[in-house]
Amino acid sequence: MHRFLLGFAALGIIAAGTAWALSAPRPLDEAQITDLQGDPQAGRTIFLAAGCSSCHRAPARDSDPLILSGGRSFASDFGTFHAPNISTHPDHGIGNWSQAEFINAVMRGISPQGAHYYPAFPYTSYIRAEPQDIADLYAYMMTLPSDATPSLPHDLDFPFTIRRTLGLWKTLFLRDDWAVTGPLTPQEERGRYLAEALAHCGECHTPRNLLGGLTRAEWHRGAPNPSGTGRIPAIAGPGFDWTEFDVSAYLSSGLTPEFDVVGGTMADVVGNLRQLDKADLDAIAAYILRAAREGD
Amino acid sequence: MSFKHLIGTLALGAAIAFPAMAENDPAVETRQGQFKLFIHNFGVMGAMAQGRIDYDAEMAQTAADNLFHVTRHDQSRLWPEGTDSMSIDGTRARPAIWDNLDDFAAKFGALQDATEALQGAAGDGLEAMQAAFGRTAGACQACHEVYREEAS
């Protein structure tokens, strides 16, 4: 009996140790990111494609998209997230961050203090970005205004309040491979990069499992709206009949093929993407149509 | 009588008179029908603006005239209290409309201004129409961003 208990305790310690090891933050290789030289002009394109301001600008609908004061709230099954201040303010924003800290935050979901970020922040998509692009993004964001609005703490339910558990979540769901694979045209590849690494379409348009991981078998097939009633529409599958022209026109104008006008959270997405080159919107459209054919 | 005042008065009346009928409120169907009429005309100009069909001054002008008139349809009986997306199925009208009737009315007024400008420009060539069309789309979007629920 005594031996059994000892063995049980040993197993428990091993399990706890394994969980601790699995939940440790895993940053990028230093050598990969320290020497990168960011170009702010190129970074603006990344900023628009990645949709940073959709979540990080102030809550008012007409707030300045370049003042990243935070404060928007995002309800979910796990509680309510509040987007933090990521302006250049040295205390309330990210003004004191190094380039390496920034890239690890964006591409690995790790704070400068080594804590895990919640995947409401789509580093789960940004992990597929080129580090050079995120260095460009850093250079651009360091040119944006400073704002002194303090970030709000998230309002989450236990046990989601324990950030270390996110390390286990990352072990399960943080993956850097593409959702759409197989032979792609160069245009589809460009579109896949923009959509899967930056614009993170799949984060809302793909359903999630009980733990909040994306269900890749149903990529872009639509999902319940996490922050309210209604659904995020399917942009793949049998009911989706848009053409490439339709998708590109929608992203540049906010008009559906039936000439309904965009609203809700997608209005922010269109507000950013419409500032990209038409060739990039056409590439996203080519990718969306390619992804829509997956699993048919 | 102001737009807001009219809505409020009639909303109260409707709420007292037909509390159980909210689900089948004819006002909801009618207001959705009006948006279909908006889009029926707006879409003709949209198709021209996007190059899906060739610009035709006469067709554009007719659509713009129609849109001008249908956006002037009296709204006073179309938005009774209790016909929001939290109260009934089959509508995407957010409760925030009834919490912010002044703003909602102002945004509808902005749409009316935009369709007036569009009526003035629709027959003056593709570029003039496109600019006025874009402003009208912006007026639609300003309201959809705040007051329309995601589709179900």
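**Figure 1. Surroundings of Ser69(A) in the predicted model.** Ser69(A) is located in the loop that links α4 (52–56) and β1 of chain A, where helices (H or I, at least four residues) and strands (E, at least two) are DSSP runs numbered from the N terminus. With neighbours within four places in sequence set aside, Ser69(A) is in contact with His56(A), Arg57(A), Ala58(A), Pro84(A), Asn85(A), Asp147(A) and Thr149(A), contact meaning heavy atoms within 4.5 Å. The relative accessibility of Ser69(A) is 5%, and the residue counts as buried; buried means under 20% relative accessible area, exposed over 50%, and partly exposed in between (1.4 Å probe, protein chains only). The model is predicted, and local features need pLDDT of at least 70, side-chain atom pairs count only at pLDDT 80 or more, and totals for chains, interfaces and linings use all residues. Residues are numbered from 1 along each chain as its sequence is written, chains are lettered from A and ligands numbered from 1 in the order in which they are written, and side-chain values use heavy atoms, with hydrogens and water left out.

**Figure 2. The open sheet of chain A.** Three strands of chain A form an open sheet in the order β1-β2-β3, with antiparallel pairing; two strands pair if DSSP finds at least two bridges between them. The edge strands are β1 (73–76) and β3 (155–156), each of which pairs on one side only. Strand β2 (residues 79–82) is joined to β3(A) by two bridges, and these strands run antiparallel. Thr80(A) has Asp155(A) in β3(A) as its bridge partner.

**Figure 3. Packing of helix α13 of chain A.** Helix α13 (residues 278–292) has 15 residues, which at 1.5 Å a residue should span 21 Å, in agreement with the 21 Å between its end C-alpha atoms; the expected span is 1.5 Å times one less than the number of residues. Twelve of the 15 residues of α13(A) are buried, and the helix is mostly covered. Among the buried residues are Asp280(A), Leu281(A), Tyr287(A) and Arg290(A). The buried residues of α13(A) pack against α9 (186–199), α11 (244–253) and α12 (266–273) of chain A.

**Figure 4. Salt bridges within the chains.** A salt bridge is a side-chain nitrogen of Lys or Arg within 4 Å of a carboxyl oxygen of Asp or Glu, and by this rule the count over all chains comes to 15. In chain A, Arg175(A) pairs with Asp177(A), their closest N and O atoms lying 2.8 Å apart. Both partners are partly exposed, Arg175(A) with a relative accessible area of 40% and Asp177(A) at 32% relative accessibility. Arg208(A) and Glu203(A) form another salt bridge, at 2.7 Å from N to O; Arg208(A) is partly exposed at 37%, whereas Glu203(A) is buried at 10%. In chain B, the closest N and O atoms of Asp103(B) and Lys107(B) are 2.9 Å apart in a salt bridge. These two residues lie four residues apart in helix α5 (residues 101–121) of chain B and are therefore separated by about one helical turn.

**Figure 5. The interface of chain A and chain B.** The contact takes 22 residues from chain A and 21 residues from chain B. About 1800 Å² is buried between the chains, with carbon and sulfur atoms giving 54% of this area; buried area is the accessible area (1.4 Å probe) that two parts lose on being put together, summed over both. Three salt bridges are found across the interface. Asp260(A) and Arg148(B) form a salt bridge with their closest N and O atoms 3.1 Å apart.

**Figure 6. Cysteines without disulfides.** The structure holds zero disulfides over all chains, a disulfide being a pair of cysteine sulfur atoms within 2.5 Å. The sulfur of Cys55(A) is 8.0 Å from the closest cysteine sulfur, that of Cys204(A), which is too far for a bond. Cys143(B) is likewise in no disulfide, since the nearest cysteine sulfur, in Cys140(B), is 8.8 Å away. Cys55(A) is partly exposed at 27% relative accessibility, whereas Cys143(B) is buried at 16%.

**Figure 7. Gln119(B) in helix α5 of chain B.** Gln119(B) has its place in helix α5 of chain B and is partly exposed at 22% relative accessibility. Residues up to four places away in sequence not being counted, Gln119(B) touches Gln61(B), Ala64(B), Asp65(B) and Phe68(B). Gln119(B) and Pro26(B) are 93 residues apart in sequence and 30 Å apart in space, C-alpha to C-alpha.
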